[in-house]
Amino acid sequence: MTIPGGKIRSFVERIENLDSEMQELSEQKKEVFAEAKGEGFDVKILKEIIKLRKEDKNERDERESLLDLYMRAMETAPAGEAAKAA
């Protein structure tokens with residue numbers, strides 16, 4: 001069986017090029033975050049916004065509704081109730 005070395009080299013080089021491009025993009029992303037931070041923006045909040053924008057709106061709305069429901073339930077529960085549940 002003959003192993004097509006040229007084909008293997010082609011795949012490896014393409015993957016290496018993609019890795020290099022990804023590294024470069026990662027560096028550019030860090031620079032943008034650093035620029036935003038330098039202008040007084042909270043990077044954690046920016047990252048959270050980016051994460052939320054990637055989510056499906058219906059799923060995000062459902063999660064936010066559940067979060068709100070759970071938080072209200074905790075706030076209205078008697079203080080000693082948590083110890084009983086544990």
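**View 1. R60, a buried arginine without a salt bridge.** In this predicted model, R60 sits in helix α3, which covers residues 57–76. R60 is buried, yet no salt bridge is formed. The nearest side chain of opposite charge belongs to E64, 4.2 Å away. Leaving aside residues up to four places away in sequence, R60 touches L52, R53 and E55.

**View 2. M71 in helix α3.** Is M71 buried or partly exposed? M71 counts as partly exposed, because its relative accessibility is 38%. M71 and G6 lie 65 residues apart in sequence. In space, their C-alpha atoms are 60 Å apart.

**View 3. Helix α1 and the glycine that follows.** Helix α1 runs over residues 5–38. How far apart are the end C-alpha atoms of α1? They are 49 Å apart. After α1 comes G40, with a positive phi near 95°.

**View 4. A nonpolar surface patch.** Which residues make the patch? I3, I8 and V12 form it, with an area of about 270 Å². I3 is placed in the segment before α1. I3 counts as exposed because its relative accessible area is 59%, and exposed means over 50%.

Conventions
Residues are numbered from 1 along each chain as its sequence is written. This is a predicted model: local features need pLDDT of at least 70, side-chain atom pairs count only at pLDDT 80 or more; totals for chains, interfaces and linings use all residues. Side-chain values use heavy atoms; hydrogens and water are left out. Patches are made of residues with over 30% relative accessible area and no salt bridge: like charges are joined within 9 Å, nonpolar side chains (Val, Leu, Ile, Met, Phe, Trp, Tyr) within 5 Å. Accessible areas come from the Shrake-Rupley method with a 1.4 Å probe; for residues, only the protein chains shown count as cover. A salt bridge is a side-chain nitrogen of Lys or Arg within 4 Å of a carboxyl oxygen of Asp or Glu. Helices (H or I, at least four residues) and strands (E, at least two) are DSSP runs, numbered from the N terminus. Buried means under 20% relative accessible area, exposed over 50%, partly exposed in between (1.4 Å probe, protein chains only). Lys and Arg count as positive and Asp and Glu as negative; His and the chain ends are not counted. Contact means heavy atoms within 4.5 Å. The expected span of a helix is 1.5 Å times one less than its number of residues.
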